[in-house]
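I opened my notebook to look at the shape of each chain, then at the places where parts touch.

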Amino acid sequence: MDSISYYLQTVLNGILAGCIYALFAMGLTLIYGVLNFVNFAHGELIMWGAYFLFLFMAEPFGLPLYVAVFPALALTGCLGLAMDYSVFRPIRRANRLTLLIAAMGLSVFLRNAAQFFWGAEVRTYGFEVMAGTQFFGLYLTTQQFAIIGVTILCVIAVYLLFFRSRLGKSMRALSDNLDLARISGIDTKRAIRAAWVISAVLAAIGGILLALDTNLHPEMGIANLIKAFAATLIGGVGNLWGALLGGLLIGLAENIGVLFISPGYKDGIAFVIMVLILLARPYVIIGERSD
Amino acid sequence: MDLLLHLLIVIAIYAIFALSLNVEVGYTGLFNFGHVAFFAIGAYTSALLTLAGVPFVWSLPAALFMAGLCGFLLSIPALKLQGDYFGIATLGFGEILRMIVNNEVWLTKGPMGLPGIPRPELFSIVFDTLPRYLILSSGFALLTFAILGFVVLSPFGRALKAVRDDETAAEILGKNAYRFKIKSFAIGSVFAGLAGVLWAHYTTFIGPGDFTLTETILVLLIVVMGGKGTFLGPVVGAVVLIVFQESVRFLRLPPEWTRLLGPLQQMIFGLLLVVLMVFRPEGIIREKGGRR
Amino acid sequence: MIEIRNVTKAFGGTRAVSDCSISLDGLTISGLIGPNGSGKTTLFNLITGLLKPDSGEIRFLGNRIDGRLPHEMAALGLIRTFQLSRVFPRMTVLDNMLLAPQDQTGESFLSLWTRLPRIRKEESENRERAVELLDLLGLTQLYDQFAENLSYGQQKLLELGRALMAKPKMILLDEPTAGINPTLIRTMIEMILAMRDRGQTFFIIEHNMDVVIEVCEKVFVLDHGEKIAEGRPEEIQKNPRVIEAYLGL
């Protein structure tokens with residue numbers, strides 16, 4: 001009986017981690033789908049989201065968690081818009097390498113800016129570590145309940161936004177074909193802005209949840225970025241549900257994987273899974289070969 | 001004066017590192033974001049061998065061979081992935097290699113690193129002073145420059161550029177793009193390994209923390225800023241960036257400042273990259289192609 | 001030279017090429033015409049290995065080539081150009097030309113170190129030939145410009161020159177005169193005819209009927225993926241099925 005609940009707990013931990021990865025991946029895949037580039041600075045949206053919350057909960061604001069969340073998310077959304085406006089919009093038409101490197105530069109800038117202001121030490125929000133409630137033989141802290149709950153809320157919100165609203169329709173059109181959407185009279189600027197805000201907010205929520213469950217440090221974004229990439233690529237570019245599943249898959253694989261291999265390699269599991277899945281897919285060797 | 005020699009040595013080593021990445025990124029169009037892994041493989045191979053008593057004259061080729069072999073082996077599956085996927089896959093490989101170095105303590109002493117790496121000895125000269133090491137590293141840098149320059153100007157290099165510009169069109173003309181990319185990757189890996197060897201024997205202490213994403217970004221910045229796909233580009237980039245990075249050592253600042261200086265410097269790097277991509281993506285040195 | 005037998009290729013539910021059989025045996029310049037969307041470029045893609053037929057076979061000089069990889073085609077002596085010219089934009093005109101010859105010793109990494117004199121010799125011979133061809137094409141003064149700096153018409157001429165450099169047994173030209181001005185069209189035609197006189201064979205997709213009549217020995221007509229007619233240009237011009245196909249759309 002004990003052994004089963006141990007494995008179940010592992011699965012639960014996998015789901016928890018997976019929820020957070022899913023939030024990261026959904027934001028990433030959104031921008032990837034709409035603007036067709038890899039936002040290497042997405043990790044910094046995650047990290048700054050968490051730090052913004054920290055900012056509003058600390059002096060001089062001293063707001064409680066539930067209040068501080070709002071300005072934190074709002075500011076992160078603004079950060080996302082600022083990133084697009086100042087860096088990505090001017091080079092919208094540039095080639096992939098240029099965009100990727102610009103994003104890398106932005107990532108370095110933002111990461112070190114956080115370190116500049118808050119230092120490199122690990123911080124926490126200051127909540128006590130709670131014992132967690134027990135149910136069905138599994139332990140779940142309040143924070144962890146929150147992770148699952150918030151993720152479900154986000155997924156529902158994303159679904160409503162994307163598949164039940166005009167804005168969502170515009171974003172999907174852009175995802176399909178940016179130029180075509182432009183000339184069809186869709187307000188592409190608005191849709192792009194919306195995509196950035198949503199991407200940033202999802203990142204921030206993920207970052208906050210991660211920081212609540214673990215801690216805050218300037219590298220927390222980039223440390224998870226590769227996993228977010230992996231989830232995105234597993235799920236298919238621009239595919240929100242794919243990103244959700246990819247995130248969960250990676251979370252599960254990581255937690256179950258460490259039962260078998262050394263914990264030092266935990267972070268590598270996501271990558272290995274991604275490569276295996278990518279290689280197994282029918283791949284395109286030469287441009288037009290496989291239609 | 002010592003600082004100047006130090007600067008020049010680091011520039012020489014990074015020039016080799018950048019020239020090697022340039023073959024892949026600039027000439028073949030491969031987004032290799034895990035290049036630091038081969039730098040690390042070269043460094044660790046030579047370090048471990050010389051620490052075990054193997055003379056430098058053997059550890060060097062062994063390290064180059066290991067780096068090239070690993071590059072070759074990685075490229076076989078990795079190059080089956082397109083563009084972005086390839087980039088992420090190489091990024092992941094770099095990270096995994098770092099994890100291996102960190103975890104396999106029996107081999108690499110893990111996070112504690114390898115101290116006391118012996119100075120190189122070639123033809124009974126021990127390169128244990130700054131001027132001598134400068135001669136060693138700049139000698140290798142010139143050699144790298146010459147060899148890679150020769151390769152890139154050759155019909156082989158021309159085929160690489162064709163694969164870069166339009167893979168399908170290159171295939172139509174009979175170039176097996178996959179094979180060329182593998183060769184390019186292997187060559188780049190060998191010279192990255194060379195840079196790693198020189199680094200290890202210069203600093204005499206290496207650890208997994210020396211081979212992170214930050215190093216990859218640095219060398220990428222050097223190549224892109226200097227001008228990818230050119231000869232001088234990576235060299236110019238190395239000069240500019242290394243001078244900038246190391247120059248902070250010249251400034252004698254109160255301790256509270258130094259804590260901020262690191263991130264500030266990196267912020268400038270990041271900003272530099274962004275500004276570069278927005279205003280002059282070709283870099284300082286442009287490819288020669290005439291303007292109308 | 002090329003034998004296409006009962007080749008079919010479908011995408012989703014639509015047949016882009018349907019049970020098509022064409023023989024180019026003994027022909028110098030053959031034409032492939034048909035309304036837009038009739039499958040001409042798809043057929044070219046099938047011949048050159050960019051696509052694999054669902055059924056049927058394609059033979060070149062008696063050997064089966066369907067399903068082979070694109071880079072093998074050049075070695076067999078088959079080169080193609082593209083509808084939207086695909087010169088290498090960030091390489092010079094001369095480099096574009098020098099890329100084309102097959103079996104260059106200099107393209108083997110190992111040979112760079114072991115057979116340098118031979119590589120030098122090949123380079124110099126190729127260079128001479130390239131210059132000669134560039135001269136015929138009127139592109140000599142642009143030899144050191146990046147190909148992306150050339151006008152569209154010049155790029156198409158370059159693409160032809162590049163194909164010729166490979167000394168292929170047959171060249172597939174995909175709409176060589178589309179989108180270029182009349183003077184350059186003249187140069188293109190003259191080049192094609194001059195090369196034909198030197199023994200070069202061509203298979204050309206063309207929309208411009210004047211060009212087809214002037215240049216092609218025999219013409220094949222596709223409509224909706226099917227071959228609906230073949231014959232001399234003058235004959236098929238009067239063919240009612242052909243006329244219907246062009247007008248019907």
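I began with the size of chain B. For 292 residues, a compact globule would have a radius of gyration near 19 Å, and chain B has 19 Å, so the two agree. I noted that this radius is taken over C-alpha atoms, and that the globule rule is 2.2 Å times the number of residues to the power 0.38. Along its principal axes, the C-alpha trace of chain B spans about 55 × 40 × 35 Å.

A reminder to myself: this is a predicted model, in which local features need pLDDT of at least 70 and side-chain atom pairs count only at pLDDT 80 or more, while totals for chains, interfaces and linings use all residues. Residues are numbered from 1 along each chain as its sequence is written, and chains are lettered from A and ligands numbered from 1 in the order in which they are written.

Next I looked up burial. I call a residue buried if 20 or more other C-beta atoms, placed from the backbone, lie within 10 Å of its own, exposed if 12 or fewer do, and partly exposed in between. In chain B, 57% of the 292 residues count as buried.

Then I listed the elements. Helices (H or I, at least four residues) and strands (E, at least two) are DSSP runs, numbered from the N terminus. Chain B has 12 helices and two strands. Along the sequence I read α-α-α-α-α-β-β-α-α-α-α-α-α-α.

I checked contacts too. Two residues are in contact if their C-beta atoms, placed from the backbone, lie within 7 Å. Of the contacts in chain B between residues at least 6 apart in sequence, 78% join residues at least 24 apart.

I turned to chain A. Chain A has 11 helices and two strands. Its order from the N terminus is α-α-α-α-β-β-α-α-α-α-α-α-α. With 291 residues, a compact globule would have a radius of gyration near 19 Å, and chain A agrees at 19 Å. Its C-alpha atoms fill a box of roughly 60 × 50 × 35 Å along the principal axes. Buried residues make up 47% of chain A.

How do H1(B) and H11(B) cross? The axes of H1 (residues 2-27) and H11 (residues 232-247) of chain B come within 8 Å and cross at roughly 135°. I took axes as lines fitted to C-alpha atoms, for helices over the stretch in contact, with angles from 0 to 180 degrees between N-to-C directions. The pair is therefore oblique. Angles under 35 degrees count as roughly parallel, over 145 as roughly antiparallel, 65 to 115 as roughly perpendicular, and the rest as oblique. Residues of H1(B) in this contact include B:Leu7, B:Ile11 and B:Tyr14, and those of H11(B) include B:Val235, B:Ile242 and B:Glu246. By class, the contact has 13 nonpolar, three polar and one charged residues. Ala, Val, Leu, Ile, Met, Phe, Trp, Tyr, Cys and Pro count as nonpolar, Asp, Glu, Lys and Arg as charged, and the others, Gly among them, as polar.

Last, I looked between chains. Chain B puts 37 residues in contact with 37 residues of chain A. Its side there has 24 nonpolar, eight polar and five charged residues.

The contact of chain B with chain C takes 22 residues from chain B and 30 from chain C. H7(B) gives the most to the chain B side, with seven residues. That side has eight nonpolar, five polar and nine charged residues.
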